[in-house]
Amino acid sequence: MQLKFNYFDQITSTNSTLKADREAREGTVLLAKLQTSGRGTGSNQWESEKAQNITGSIVFEPTFLEPANSFLVSMAISVGIATFLNQYSNEVKIKWPNDIYIKNKKIGGILIENEFTASAITRTIAGIGLNINQTRFIKAPNPTSLSIVTGKHFNLGIIEKELFNSIDKQYLQLKKDKELVYQNYHALLYGKNKLLHFEDIHGRFSGQIQQVDYDGRLSIKDSQNDIRHYYYKEITFLH
Ligand code: BTN
């Protein structure tokens, strides 16, 4: 689709601003050099040095999806980001639900905010924070950036367009054939079929990630070969 790019020097949060804008329709992209209240998932803040990284949001109107399948949009976005990053590294992974990792460090995150009616998803505001030129971080746990990974400096104006076009391509793919996006997400999934250590409300355990459903539910096979299911925040990955 035709993306409409809007640029701001400073804004509270590109997600909050798009959410408040009832006129913002599918394909609207908002990019900011600096967010004064950048938000991560949950109650986290999003750390990003001014004019060094990509901090932006895009509106989708995935009315073709059942509300229960809304996680597919998130899958398409993560695959779009990971595919874009693949040109710079072959160690890009998506860590469930939708963190982007390179070499076991977090390079980016996605904040999805859906608006529903009883039977449809009317709008998805997808906020993307991707570390590009920043090399020192103050609070972020386990961060990396494209500059740290490649040793190069990037022109933000160029790569933010490439990034959002790559995301849009996967979104169009989702409209045509959701199975392919689903498979690509799993091909890139961090820890898939490896023995990892986790903690849930019952305690610590080891297991292998099996799959993620269309609604974002994660399945893990534990050492007794039982399959355990989790939604976001119900499980922690231990290192
Ligand atoms: C996370 O991993 O916790 C998600 C981070 C999402 C950050 C982006 S930056 C642009 C958009 N606006 C926000 O306030 N947050 C998202």
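Reader: Let's pick a residue. What does Ala 76 touch, leaving out residues up to four places away in sequence?
Author: Ala 76 touches Gln 170, Tyr 171, Gln 173, Leu 174 and Val 181. Two residues are in contact if their C-beta atoms, placed from the backbone, lie within 7 Å.

Reader: Before I go on, what am I looking at?
Author: This is a predicted model, where local features need pLDDT of at least 70 and side-chain atom pairs count only at pLDDT 80 or more, while totals for chains, interfaces and linings use all residues. Residues are numbered from 1 along each chain as its sequence is written.

Reader: OK. Which residues have the most contacts inside the largest nonpolar core?
Author: Those are Ala 76 and Ile 81, in a core of 53 residues. Helix H2 (residues 71–85) supplies the largest share of this core, 11 residues. At least three residues come from each of domain 1 (4–187) and domain 2 (195–238).

Reader: What counts as a nonpolar core?
Author: A set of buried Ala, Val, Leu, Ile, Met, Phe, Trp, Tyr and Cys residues joined through C-beta atoms within 7 Å. Buried means that 20 or more other C-beta atoms lie within 10 Å of the residue's own, again placed from the backbone.

Reader: And how much of the chain is buried?
Author: 36% of its 239 residues.

Reader: Back to the domains. How far apart are their C-alpha centres?
Author: 24 Å. The bounds come from an automatic or database domain assignment. In the contact between them, 8 residues of domain 1 meet 7 residues of domain 2. H2 gives the most to the domain 1 side, with 3 residues.

Reader: New topic. How many helices and strands are there?
Author: 5 helices and 12 strands. Helices (H or I, at least four residues) and strands (E, at least two) are DSSP runs, numbered from the N terminus.

Reader: How do S4 and S5 run, parallel or antiparallel?
Author: Strand S4 (residues 92–95) and strand S5 (residues 99–102) run antiparallel, joined by 4 bridges. Strands pair if DSSP finds at least two bridges between them. Val 92 has Ile 102 of S5 as its bridge partner. The two strands form a hairpin with 3 residues between them.

Note on methods:
A residue is buried if 20 or more other C-beta atoms lie within 10 Å of its own, exposed if 12 or fewer, and partly exposed in between; C-beta atoms are placed from the backbone.
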